[in-house]
Amino acid sequence: MDLNSKVPSGPIEKKWEKHRFDMKLVNPSNKRKYKIIVVGTGLAGGAAAASLGQLGYEVEAFCYQDSARRAHSIAAQGGINAAKNYQNDGDSVFRLFYDTVKGGDFRSREANVYRLAEVSNGIIDQCVALGVPFAREYSGYLANRSFGGAQVSRTFYARGQTGQQLLLGAYAALSREVALGSVKMFPRHEMLELVVIDGHAKGIVVRDMVTGTISSHVADTVILATGGYSNVFYLSTNAKGCNTTAIWRAHRKGALFANPCYTQIHPTCIPVAGEHQSKLTLMSESLRNDGRVWVPKKAGDQRKPWEIPEDDRDYYLERIYPSYGNLAPRDVSSRAAKRMCDEGRGVGPGGRGVYLDLFDAMDRLGRDVIAARYGNLFEMYERITGEDPWKWPMRIYPAVHYTMGGLWVDYNLMSNLDGLHVLGEANFSDHGANRLGASALMQGLADGYFVIPYTIADYLTKVKPGSRPSVDHPAFKEAEREVEARTKKLLSIGGTKTVDEFHKELGQVMWEYVGMGRNEAGLKTALQKIPQIRERFWKEVRVPGSGADLNQELEKAGRVADFLEMGELLAYDALMRDESCGAHFREEHQTPDGEALRNDEKYAYVAAWEYKGEGKSPELHKEPLEFENVHLAQRSYK
Amino acid sequence: MKLTLKIWRQESPEDKGRLVSYEMDGVAEDTSFLELLDILNQRLIKKGEHPVTFDHDCREGICGSCGFMISGIAHGPQKLTTTCQLFMRQFKDGDTIVAEPFRSRAFPVIKDLVVDRSALDKIVQAGGFISARTGSGPDGNAIPISKEKADRSMDAAACIGCGACVAACPNGSAMLFTAAKISHLGLLPQGQPERKQRALRMVAKMQELGFGACSNHGECEAVCPKGISIDFIARLNRDYMVASALETVEPVKKV
Amino acid sequence: MARAMTFYSTTVGKKVVMAATGVLLVLFIVGHMLGNLQIFEGPERLNAYAHFLKSTGELLWGVRIVMLAAIILHILAAAQITIANWKARPIGYAMKKDVETGYAARTMIVSGPLILLYVIYHLMMFTFLQTPQGLSDTDVYGNVVKAFQQPGISAVYIVALLVLGFHLYHGIWSMLQTLGVNHPKYNRLRRIGACVLAVLIAAGYLSIPVSVLLGIVH
């Protein structure tokens, strides 16, 4: 297969400008003749649907939530990066580009990242115009904060709810288009199949989650902006509904899945409390600025934290990484916490947790300063755990947070399947093997507001207006039948185990063997176990109710069935990538101080997997990565 | 701890519905309310019964999906808390807890605790936006906005659209929701050109959808998980009066 | 006119009408109370005041018409809003707790009609003199004393005035909120002010029957 990234020629600063001129435009009067389907209404999908509606295309937008405003982009806390250099601290488009490529441990495509940095400033302007109430300084000008992986202050924020405010901006723009009739909104609709006719993506099959009706929607091109697949681990910081179904169905129809093993683990989450736990909650990483992370020196120490004298505590980050201390990078500190717990020194229920306390900082800075900085986080922690961080050390543990991998796309954000565009977290393109804080929001909005409106026009000029098939096309009927058959099958198994039980079982395997630290033996075990779980799922699962109304178990079952396939590919990719890079940590490959050790000679490529059928090994296609502007180097933040 | 749950069960919009009791034993204090329902549902599925249907998604209090009446209070007894963030330590051993869907003519029940809140989307579609084309905004710093105004706007913008205000209001009014959006945008310079039409359109839509009137009870503010103040309702009233005096409502236009 | 009708067609418009008429009614109530309190300055003063009011002719009728219109609008809007509110929640809750709202706010729809009945009773007695006590056309002071010396009548007045106090306690605050009179800095004052005004009005009016009963005014 020819993996043509379609990166324009010329110097990196000129590529996007040149490409924008080279791309063809759709005649304004022809735009309304084209229909575009957008699946997902988060930052990427919402921004794309609104922008395309404004341009005059006929847009249909789908989301599984009851409103477009509830997409999981809403939960992003920290902020959004842009190269405005309002702080006069030496930021520039090139520096944002450089930091992002380096942060991604040199596994992303340079041209895409440069474009991302280039359009980042326009995003801030657009969001301000839409009424996003970004934090302001007393001057009335926009405020910035610092974030990990950068030495400049370039993160724009709206309290701890930046994702919410950006999404509500896109949602407002989308709502206006809905009012004008240029976008038709389908909430509580789940995409269950992609329809490909003669190699072109021409529509989708969806299930109305309220009535159970399965129907086809035809378009001239399809956009998937359906987010990441962290929930393959069962417990993650993602919303409960986040799933891989849309991109996995597209993958099964021929779209290549790139770098599935790049999954980011966030170090400061509230640990699992017990069997009943359904999701993990992130605590802002900023806690580590003033906090100290420790575990008891002795394995199995059952004493209460305040009973453990200073001498019996191991401030392991400060010990192992004396120069970074508690500010060691996300992946490094996540793995260190896991090692401590593996040694039996973990704290809290189940022993999967480490202490983080701010008592030193309280003494040094005073309680008022700590309250101002972290008061809201303390409240959140107490609400969930019932423990008061003013008295007890907090317990934290890493959790799956974001997936850098996704469907392979070219520079135009189109997958190898003609007419299938993929935006935001659902694609693989910009973050390489590790995403920097405040970059996900930037990418979602860049794709939706400022990339796809141009590139989709170029694509549509190749499609004859009015040439799209009807819903009666055999391919649609066939896809509907497949969806109906799958639904029926799930409902008819009538086994003894619940969907959640299988999901948890899959999650445990994924976390144990394909989680923070991976090695050959573990990955092989996972590859053995996942198909077994899958097989049992299809024999023993019980999905109650019918397909003809709101049936949340049926929805979950379909999603878990896809996770059970997707998880295997994730492990497969992790096994193949016999190097460590960014968030992908193969224990066989590390520097003496535990850093990821890349193998650029062998693995400086994008691994794009082709689906070959059930029970068959996927086929690997490689897109070599070339670094002309950023010097390949061992990633170091020392 | 041991709890009795009385949950509203309703098969379909047409079904009359009823409260059904479930005994829950061995509930851990650090179980969230939704996790309690998860546990109940696992049990029900195993027994061959239908699980309780309820809306939920992020489970960290920001998406606005979850929410129902918990013993007579929207989102339950803890202030500034969504249902997903309500933990069982807020209850006592032996408590009986009643869970009912949000009730409003504009929020028809779909199934069990799930209601259709698309009316809130329709209010936003009526005018809860700034018509700024993608790419048309000036530099973000071109218009300074005082920190005080920006913060105040953010206070209103924090609304998660859960509908608890409507559910708690003795009159089933959507004024707090609408006022939050009108204030969020009306406090910003970018929101001024459409300010009057926004008020006229959103209020008219609210009316059309069958929400009740605001009688200034303050129940909405009391249950709002984001603590949105009814001061914004006064602001809405002001905007609406001025707009009514000066302009006639017009439909949303393309250009 | 069309714009005014559109305005009134919304619940917000109706509430504004209620609040605006509420302002007029409160002003009237305060004015009326100040007039009535002249009873403490003796029969001459009060009767002279009553005479003066009657002598204004058109002005008095103007005020009466405005007040009548305000009352009608106030009641009409209240009735329409109440019906809309009932319709807004056709199926009630099995269990519902009040978190913030108070007794006064919840009973506006009861206190309102009670006050209307009381106003009719009051007008019948003192304006139209349609009561069997044989009241005088010119001696307002004597009428008041005569009426309130009967415990039954005083009791009706005392209860009604307490109801009025409750109605005003929520009504005055609600009126300011509905008319958009607010500022974060002064919002606390609205509640306090409403409470103080309601208490002053109720106390002012109550002082008359109470004083008559206690024999202070005779």
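This is a predicted model: local features need pLDDT of at least 70, side-chain atom pairs count only at pLDDT 80 or more; totals for chains, interfaces and linings use all residues.
**A first look at a two-chain model**

1. In soluble globular proteins, nonpolar side chains tend to be buried together.

2. Next, chain A as a whole. Its secondary structure comes to 18 helices and 19 strands, and its C-alpha atoms fill a box of roughly 75 × 60 × 50 Å along the principal axes. A compact globule of 638 residues would have a radius of gyration near 26 Å, and the 24 Å of chain A agrees with that. Of the 638 residues in chain A, 60% are buried. If you count contacts between residues at least 6 apart in the sequence of chain A, 73% of them join residues at least 24 apart.

3. Chain A is divided into domain 1 (267-399) and domain 2 (472-600). Their C-alpha centres lie 31 Å apart. Where they meet, six residues of domain 1 of chain A are in contact with eight residues of domain 2 of chain A. Helix 10 (residues 330-342) of chain A gives the most to the domain 1 side of this contact, with five residues. By class, that side divides into two nonpolar, one polar and three charged residues.

4. Just after helix 6, A:Gly181 takes a positive phi of about 85°.

5. Helix 6 of chain A comes up again where the two chains meet. The contact takes 67 residues from chain A and 68 residues from chain B. On the chain A side, the elements that give two or more residues are helix 3 (43-55), helix 5 (110-129), helix 6, helix 12 (367-385), helix 13 (440-460) and helix 17 (552-576). Helix 6 of chain A gives the most, with 10 residues. Sorted by class, the side of chain A that touches chain B has 28 nonpolar, 24 polar and 15 charged residues.

6. Now to chain B, with eight helices and seven strands. The C-alpha trace of chain B spans about 60 × 40 × 35 Å along its principal axes, and 61% of its 255 residues are buried. Among contacts in chain B with a separation of 6 or more, 71% are between residues 24 or more positions apart.

7. Chain B also has two domains to find: domain 1 (3-110) and domain 2 (117-246). The centres of these domains of chain B, taken over C-alpha atoms, are 29 Å apart. How many residues of domain 1 of chain B are in contact with domain 2 of chain B? There are 18, and they meet 17 residues of domain 2 of chain B. The domain 1 side of this contact in chain B has nine nonpolar, seven polar and two charged residues.

Definitions and conventions: Residues are numbered from 1 along each chain as its sequence is written. Chains are lettered from A and ligands numbered from 1 in the order in which they are written. Domain bounds come from an automatic or database domain assignment. Two residues are in contact if their C-beta atoms, placed from the backbone, lie within 7 Å. Ala, Val, Leu, Ile, Met, Phe, Trp, Tyr, Cys and Pro count as nonpolar, Asp, Glu, Lys and Arg as charged, and the others, Gly among them, as polar. Helices (H or I, at least four residues) and strands (E, at least two) are DSSP runs, numbered from the N terminus. The radius of gyration is taken over C-alpha atoms; the globule rule is 2.2 Å times the number of residues to the power 0.38. A residue is buried if 20 or more other C-beta atoms lie within 10 Å of its own, exposed if 12 or fewer, and partly exposed in between; C-beta atoms are placed from the backbone.
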